[in-house]
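Biologist: Hi! Could you walk me through this model, beginning with the aromatic rings?
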Amino acid sequence: MLPENLQEYSTAAAVDRFDADALTGGKHALGELTLEIVPAKIVSVCGFLKYDQKFVRLSAVTAVDRFPAEPRFEVVYHLHSIERNERLRLKCRLPGQDPAIDSVTSVWRSANWYEREVFDLFGIQFRNHPNLKRIMMPDDWEGYPLRKDYPVTGSRV
Amino acid sequence: MSEPGVPGQFTATLERDQPETGPRRMILNMGPQHPSTHGVLRLLIELDGETITHCEPDIGYLHTGIEKECEVKTYQQAVTLTDRVDYLAPLSNNLAYCLAVEKLLQLEIPPQAQWMRVMLAEFTRLNSHLVWLATHAIDIGAMSVFLYCFREREEILRIFEMFSGQRMMTSYFRIGGLALEPPRGWYQRVKKFIDIFPSRVDEYENLLTANPIWIGRTKGVGFISLEDMLDLGVTGPMLRAAGLKIDARKDRPYSSYDKFDFEVPTRTANDVYARYQVRIEELRQSAKIIRQAMEGMPSGPWKADDPHVVLPDREKMKTQMEALIYHFKIVTEGFRVPEGEVYHVIESPRGELGYYVVSDGTATPYRVHMRTPSFGNLQAVPTMVEGILIADVIASIGSMDFVLGDTDR
């Protein structure tokens with residue numbers, strides 16, 4: 001359902017028309033539009049945004065750890081439409097226990113490395129990812145450094 | 001997830017298996033300490049004769065955890081970390097980060113500080129492009145270009161040193177403006193440099209543009225289609241060399257770029273030579289912007305008028321109790337930034353540089369993510385080099401102009 005505060009934004013309205021169950025909330029703050037998407041629908045919504053709404057570029061994928069709040073993780077997608085000169089932020093909330101979401105590599109190939117980085121540093125699994133392995137840290141590294149419960153300093157005992 | 005390898009040992013195997021039939025292919029390990037990768041990049045290349053059949057970049061050797069480190073610094077302290085992300089364009093990173101935080105604070109930056117920032121960001125572009133041209137040319141074998149470019153780069157570093165005391169990691173921008181005003185005699189030095197610089201660009205072009213060896217090594221080499229580039233996250237001069245006029249300075253002007261008159265150079269050939277032409281033209285355009293900024297510099301304060309965020313002048317601090325208290329508060333605990341999130345994109349010398357800053361209302365950033373252009377660009381390496389000759393790999397990856405610090409953060 002389209003939240004009331006987003007009714008004047010055409011992209012939000014378009015996503016709502018495409019799939020009314022996909023959009024759970026969002027906001028427009030500091031000139032930037034954020035849409036909250038149901039994690040299970042992320043691939044279809046991204047496909048719609050790319051091919052129908054001309055968001056041809058995926059600028060970045062990252063995550064925010066809200067530890068100890070639940071749902072703990074936010075996966076954040078930054079989309080860019082060159083034709084419309086617009087940027088859009090999508091957000092999916094994932095639980096702290098076994099966080100997993102479908103990969104959007106089938107929509108944008110650039111998601112490959114972006115998602116690997118999120119997997120490497122946050123430990124979020126991306127289902128159907130072609131090559132989900134660590135990218136920044138060594139392959140045998142334990143833990144996920146950008147999680148809030150991972151220490152900044154100290155040595156391994 | 002793949003099985004972890006033996007610690008400290010390279011696994012010289014590729015993700016995909018060797019074909020069972022046909023001639024055996026050779027796997028070549030290029031890097032991580034290869035002089036032409038400009039940092040520590042490892043490329044695993046599978047060769048059939050001299051043709052590349054498969055390529056896998058391996059990155060992460062320079063990962064220093066800057067994003068994690070930002071979460072335990074105050075907003076102002078984190079500026080010094082952003083310098084270290086891309087060590088050839090430190091001021092561009094400072095600028096993107098400061099603009100993002102200032103957007104969260106909804107801080108108005110005085111015109112003089114904005115123009116100065118534009119001027120310094122363009123100097124950074126000159127600096128970065130000169131290092132790129134020097135090293136790209138030396139990779140292909142044009143030794144003397146290196147010396148010419150570093151002559152001008154040295155002067156730029158001296159200009160940086162004069163105002164900030166540092167040659168590379170200047171950390172000169174503050175949230176709310178600039179650290180100091182430039183010292184006496186600085187403008188004269190900039191003017192001297194800018195007067196002579198266009199003729200120096202002509203010198204580089206004399207050495208390269210019509211040079212048959214240069215043309216032979218770069219024309220028609222390193223092609224990758226525009227659709228592939230957009231899909232793979234490539235930005236910056238690479239896209240402009242493929243005919244797409246995209247530049248954040250024009251599309252979404254920040255820091256008063258809309259008040260400057262400059263062109264966004266494009267080419268359509270989409271090869272290494274076209275990327276060279278685009279960057280050479282950008283050198284000229286940046287010099288033009290610096291001249292405009294210097295000649296039209298508005299007068300006024302160097303810092304925003306917000307005592308909660310911006311440090312008071314030394315003079316006031318020593319004479320006014322209130323200024324002293326503000327100084328103490330900002331230095332010891334920093335300033336609080338309202339809750340929210342912002343993604344600010346600027347045009348760095350390498351392409352789209354975005355800072356995603358999340359605030360939870362305290363004095364330290366809750367999360368800082370850097371969308372760095374080199375990371376996106378490097379992802380296109382396999383698509384670009386698969387099917388070409390190994391001798392062209394150096395020219396091709398050189399034309400991408402990546403910095404591994406920027407890739408790995």
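Predicted model: local features only at pLDDT ≥ 70, side-chain atom pairs only at ≥ 80, totals over all residues.

Biologist: Good to know. How are the rings of A:Trp113 and B:Phe375 arranged?
Modeller: Their planes are at 45° and their centres 5.6 Å apart, so that pair is tilted. It crosses between chains: A:Trp113 is in helix α3 (residues 111–122) of chain A, and B:Phe375 is in helix α14 (residues 373–378) of chain B. Helices here are DSSP runs of H or I with at least four residues, numbered from the N terminus.

Biologist: Are A:Trp113 and B:Phe375 buried or exposed?
Modeller: Both are buried, meaning under 20% relative accessible area with a 1.4 Å probe and protein chains only; exposed is over 50%, and partly exposed lies in between.

Biologist: And what about B:Trp186 with B:Tyr187?
Modeller: Those ring planes are at 70° with centres 5.6 Å apart, so the pair is edge-to-face. B:Trp186 has 0% relative accessibility and therefore counts as buried, while B:Tyr187, at 28%, counts as partly exposed. Both belong to one aromatic cluster, whose members include B:Phe123, B:Phe160, B:Tyr172 and B:Phe173.

Biologist: Switching to charges: which residue lies over the face of B:Phe173?
Modeller: That's B:Arg117, 5.4 Å from the ring centre. To count, NZ of Lys or CZ of Arg must be within 6 Å of the ring centre and within 35 degrees of the ring normal. Likewise, B:Arg279 has its charged end over the ring of B:Trp132, 4.6 Å from the centre.

Biologist: New topic, then. How far apart are the end C-alpha atoms of helix α4 of chain B?
Modeller: They are 43 Å apart, which agrees with the 44 Å that its 30 residues (111–140) should span; the expected span is 1.5 Å times one less than the number of residues.

Biologist: And how many residues of α4(B) are buried?
Modeller: 28 of the 30, so the rest of the structure largely encloses α4(B).

Biologist: What follows α4(B)?
Modeller: B:Gly141 does, with a positive phi near 120°.

How values were computed
Residues numbered from 1 in each chain as written. Chains lettered and ligands numbered in written order. Heavy atoms only, no water. Helix = DSSP H or I, 4+ residues; strand = E, 2+ residues; numbered from the N terminus. Phe/Tyr/Trp six-rings, centres within 6.5 Å; stacked < 30°, edge-to-face > 60°.
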